[in-house]
Amino acid sequence: MLAAHSFIKVAAVTDHDSVRGVKLTVQLASVYSDILIIPGVEISTPIGDIIVLGTDELPPKPWTPEVVVDYAKSIDAVSIVAHPFRTYGMGECARDYKVDAIEVLNGGSTKEANAQAKLLAKSLGLPGTAGSDAHQVSDLFSVCSIIEADLNVDSILNSIKKGFVSTQISHGLKYL
Ligand SMILES: [Zn+2]
């Protein structure tokens, strides 16, 4: 299905423990000059989920938080603690790892869990990102990150690391 949003023009594809869909999505989106796909993956570690933005490969195993975070650093990707205060979230354990950012606005989390995540990011001095956590098309674009960057993957990843990012609720998509 072709889906688009009136102002969100960059989307990260982060399937669970798989990069099978990423290359195809990048390829399909490449015909639209104003749409950019950030390749990524969400890795299930025993401590909680970690998103890596800027890779179309899987990290080496074992998928511990250390290995995943080190992998992201080694390729200049961005590691993000996903939905820290929900099921499969790392919670306060996020403090133990050198992640680049915390997901502070997750489309599948409660207001309270997101507020807690925001506090965690603040106390760690880390940037906060948004993620729709979309598992189906109708979940897309529920929330978004506002990133001050050029429309290319490197610029966007750098801006996230530097903290030039804020989050907002974006109220879903329109169908084409
Ligand atoms: Zn997750």
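Two strands count as paired here if DSSP finds at least two bridges between them. Strands (E, at least two residues) and helices (H or I, at least four) are DSSP runs, numbered from the N terminus. You are looking at a predicted model: local features need pLDDT of at least 70, side-chain atom pairs count only at pLDDT 80 or more, and totals for chains, interfaces and linings use all residues. Residues are numbered from 1 along each chain as its sequence is written.

**Stop one: the sheet**

Start by selecting β4 (residues 49-53) together with β5 (residues 78-81). These strands pair in the antiparallel sense over four bridges, and Leu53 stands opposite Val78 in β5. β3 and β4 form a hairpin with four residues between them, and in the turn you will find Gly48 with a positive phi of about 155°.

For a parallel pair, pick β6 (residues 101-106) and β7, which are joined by four bridges. There, Ile102 stands opposite Gly128 in β7.

**Stop two: inside β4**

Return to β4 and show its side chains. A residue is buried if 20 or more other C-beta atoms lie within 10 Å of its own, exposed if 12 or fewer, and partly exposed in between, with C-beta atoms placed from the backbone. Five of the five residues of β4 are buried, so the strand is largely enclosed by the rest of the structure. Asp49, Ile51 and Leu53 point one way, while Ile50 and Val52 point the other. In a regular strand, side chains alternate between the two faces of the sheet.

Zoom in on Asp49, which is buried because it has 25 C-beta neighbours inside 10 Å. Ser44 stands opposite Asp49. Leaving out residues up to four places away in sequence, the contacts of Asp49 include Glu42, His83 and Tyr88; contact means that the C-beta atoms, placed from the backbone, lie within 7 Å.

**Stop three: the helices on the sheet**

Select α4 (residues 153-162) and color Val153, Ile156, Leu157 and Ile160, its buried residues. Seen down the helix axis, they fall within an arc of 95°, so they line one face of α4; the arc is that of the directions from the axis to the C-beta atoms. Asp154 and Lys162 are exposed on the other side. Gly163 follows α4 and has a positive phi, near 90°.

**Stop four: loops to inspect**

In the loop between β4 and α2 (65-74), go to Pro62. The peptide bond from Lys61 to Pro62 is cis, with omega near 5°. Then move to Asp76, in the loop between α2 and β5. Its phi is positive, near 60°, in a residue other than glycine, and Asp76 is exposed, with 12 other C-beta atoms within 10 Å.

Finish at Asp133, in the loop between β7 (128-131) and β8 (143-147). Asp133 has a positive phi of about 60° although it is not a glycine, and with 19 C-beta neighbours inside 10 Å it counts as partly exposed.

How values were computed: Two residues are in contact if their C-beta atoms, placed from the backbone, lie within 7 Å.
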